[in-house]
Amino acid sequence: MPGAWTEEDLRFQAESIATQKLHNGGFNCVGSQVLVTPAAWAHTDKLLYHLRAVMRELAARHPYYPGAQERLQRAASHPNAEQMGERPGDPVLITGLDPTADERAFREEFFCTALAETRLAGADPADFLRRAVIFCNERMWGTLAVNLIIHPATLRQHRRAFEQALADLRYGSINVNIW
């Protein structure tokens, strides 16, 4: 969620997102698959900057799960993919996915150390949140878990929209600021 995040907050959230994806080598069914960010938010690129840095700093995860190396290579072949290292199992970050396109990341679980990012419009936090809920409910495959990352001040300012989002999300596990 857009909000009054400091540089330190952005780094912390980048560490959290990377942990969500890379825990157990990405072999976790509730691990993050697609990061949905606000297109018009001034801090989206800063968050991704920190996410890239964290993903490069972490030790490689051995792709031990059957088919993981092939799935990682398939993710790395995407035109928007960035390899976060040279070792087998190093993460792949795919940014700037068109939220209206038929992207593999929206309909298949990576189940490896690949993470995708897409940006949605939204003039303010409440508008972005509404659009994100619709996107996740209608475009994303799977309904196991969703994580909302929201600044406490933004939550206070947009409590009603946030509670509506929680009610509208069709996921088995809805997590707030923790995965």
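The side chains of Arg52 and Glu82 form a salt bridge, with N and O 2.8 Å apart; a salt bridge here is a side-chain nitrogen of Lys or Arg within 4 Å of a carboxyl oxygen of Asp or Glu. Arg52 belongs to helix H2 and Glu82 to strand S2 (residues 81-83), so the pair ties together parts that are 30 residues apart in sequence. Helices (H or I, at least four residues) and strands (E, at least two) are DSSP runs, numbered from the N terminus. Glu82 counts as partly exposed because its relative accessibility is 22%. Buried means under 20% relative accessible area, exposed over 50%, and partly exposed in between (1.4 Å probe, protein chains only).

This is a predicted model, in which local features need pLDDT of at least 70 and side-chain atom pairs count only at pLDDT 80 or more, while totals for chains, interfaces and linings use all residues. Residues are numbered from 1 along each chain as its sequence is written, and side-chain values use heavy atoms, with hydrogens and water left out.

## Other salt bridges

The structure has 12 salt bridges. One of them joins Glu57 and Arg11, whose closest N and O atoms are 2.6 Å apart. This pair links distant parts of the chain, since Glu57 is in helix H2 and Arg11 is in helix H1 (residues 7-22), 46 residues apart. Glu57 is exposed, with a relative accessible area of 53%, whereas Arg11 is partly exposed at 24% relative accessibility.

Another salt bridge is formed by Glu163 and Arg159, with the closest N and O atoms 4.0 Å apart. Glu163 and Arg159 are separated by about one helical turn because they are four residues apart in helix H7. A network of salt bridges links Asp102, Arg104, Arg107 and Glu108.

Strand S1 (residues 34-38) is mostly covered, with five of its five residues buried. Val34, Val36 and Pro38 point one way from S1, and Leu35 and Thr37 point the other way. S1 runs parallel to strand S4 (residues 114-120), and five bridges join the two; strands pair if DSSP finds at least two bridges between them. Val36 stands opposite Thr118 in S4.

The largest nonpolar core has 33 residues, and Val36 and Phe110 touch the most other members. A nonpolar core is a set of buried Ala, Val, Leu, Ile, Met, Phe, Trp, Tyr and Cys residues joined through side-chain atoms within 4.5 Å. Helix H5 (125-139) is one of the elements that give two or more residues to this core, and the largest share, six residues, comes from H5. Val36 touches Thr118, Leu120, Phe128, Ala132, Phe135 and Cys136, not counting residues up to four places away in sequence; contact means heavy atoms within 4.5 Å. Apart from this core lies another, of 17 residues, among them Trp5, Ile17, Leu22 and Leu47.

The 15 residues of H5 should span 21 Å at 1.5 Å a residue, and the end C-alpha atoms are 20 Å apart, which agrees. The expected span of a helix is 1.5 Å times one less than its number of residues. Among the buried residues of H5 are Phe128, Ala132, Phe135 and Cys136. The cover over the buried residues of H5 includes S1, H4, S4, S5, helix H6 (152-157) and H7.

Four bridges join S5 to strand S6 (residues 173-176), and the two run parallel. Ala145 has Ser173 as its bridge partner in S6.

Arg71 lies in helix H3 (residues 68-76). Arg71 is buried yet has no salt bridge, and the nearest side chain of opposite charge, Glu70, is 6.1 Å away. For charge, Lys and Arg count as positive and Asp and Glu as negative, while His and the chain ends are not counted. Residues that Arg71 touches include Phe27, Tyr65, Phe110 and Phe111.

Most residues other than glycine have a negative phi. Phe111, in the loop between H4 and S4, has a positive phi near 50°. Phe111 counts as buried because its relative accessibility is 13%. Asn177, in the segment after S6, has a positive phi of about 60°. At 37% relative accessibility, Asn177 counts as partly exposed.
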